[in-house]
Amino acid sequence: LLFFSSNYTSKLFKAQLFMATGLKPIVSTESPALIFGTTTKLASDLPATDSFLGKNKVPDLQKLFQKADGLPVHLKRGVPDKLLYRTTMALTIGGTIYCLVALYMASQPRSQK
């Protein structure tokens with residue numbers, strides 16, 4: 001126990017020894033000094049009128065997404081969702097075709113000139 005190769009391992013052993021014996025480690029319980037001169041304000045300290053988060057849209061979106069109208073969830077918000085979905089599908093199909101063409105071209109032997 002007395003033959004440690006470095007200062008780090010002895011500190012590590014001491015920390016494990018404190019934990020194993022139930023003693024409190026030698027760590028300062030004081031809060032560190034402030035880095036910046038101002039303290040942060042908690043959300044509970046702010047007045048209710050100074051809401052910087054905006055309106056809560058979650059209940060409205062829950063009503064929209066839970067409506068039983070037969071549409072999948074990824075198309076419920078209308079035209080922007082349809083445009084994004086169709087663009088994604090077009091790029092996926094185009095990329096698959098491009099990969100298959102590249103694989104076909106790579107599988108053909110080169111001509112000897």
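Biologist: Is Asp 69 buried, partly exposed or exposed, and what is its relative accessible area?

Modeller: The model is predicted. In it, Asp 69 is partly exposed, with a relative accessible area of 39%.

Biologist: Which residue meets the side chain of Asp 69 in a salt bridge?

Modeller: The general idea comes first. Side chains of opposite charge can pair when their charged atoms come close. Here the partner of Asp 69 is Lys 76, with 2.8 Å from N to O. Lys 76 is buried, at a relative accessible area of 9%.

Biologist: How many salt bridges does the structure hold?

Modeller: The structure holds 2 salt bridges. Besides the pair of Lys 76 and Asp 69, Asp 60 forms a salt bridge with Lys 55, and their closest N and O atoms are 3.1 Å apart. Asp 60 is partly exposed, with a relative accessible area of 38%, whereas Lys 55 is exposed, at 64%.

Biologist: How far from Asp 81 is the nearest side chain of opposite charge?

Modeller: For this case one needs the cut-off: a salt bridge requires a side-chain nitrogen of Lys or Arg within 4 Å of a carboxyl oxygen of Asp or Glu. The nearest side chain of opposite charge to Asp 81 is that of Arg 77, 5.2 Å away. Asp 81 is thus buried yet has no salt bridge.

Biologist: Which residues does Asp 81 touch, apart from those up to four places away in sequence?

Modeller: With those residues not counted, Asp 81 touches His 74, Leu 75 and Lys 76.

Biologist: How many residues of H3 are buried?

Modeller: H3 is hardly covered, with a count of 1 buried residue among its 29. Ile 97 also has its place in H3, and Ile 97 belongs to a nonpolar surface patch together with Tyr 85, Met 89, Ile 93, Val 101, Tyr 104 and Met 105. Together these residues have about 720 Å² of accessible area.

Biologist: What is the picture for the protein as a whole?

Modeller: The protein has 3 helices and 0 strands, and its elements run α-α-α from the N terminus on. Of its 113 residues, 4% count as buried. The protein exposes about 11400 Å², of which carbon and sulfur atoms supply 66%.

Technical notes:
Residues numbered from 1 in each chain as written. Predicted model: local features only at pLDDT ≥ 70, side-chain atom pairs only at ≥ 80, totals over all residues. Heavy atoms only, no water. Buried < 20%, exposed > 50% of the residue type's maximum accessible area, 1.4 Å probe, protein only. Lys, Arg positive; Asp, Glu negative; His and termini not counted. Contact = heavy atoms within 4.5 Å. Patch = residues over 30% accessible without salt bridge, like charges linked within 9 Å, V, L, I, M, F, W, Y side chains within 5 Å. Areas by Shrake-Rupley, 256 points an atom, 1.4 Å probe, with all protein chains shown as cover. Helix = DSSP H or I, 4+ residues; strand = E, 2+ residues; numbered from the N terminus.
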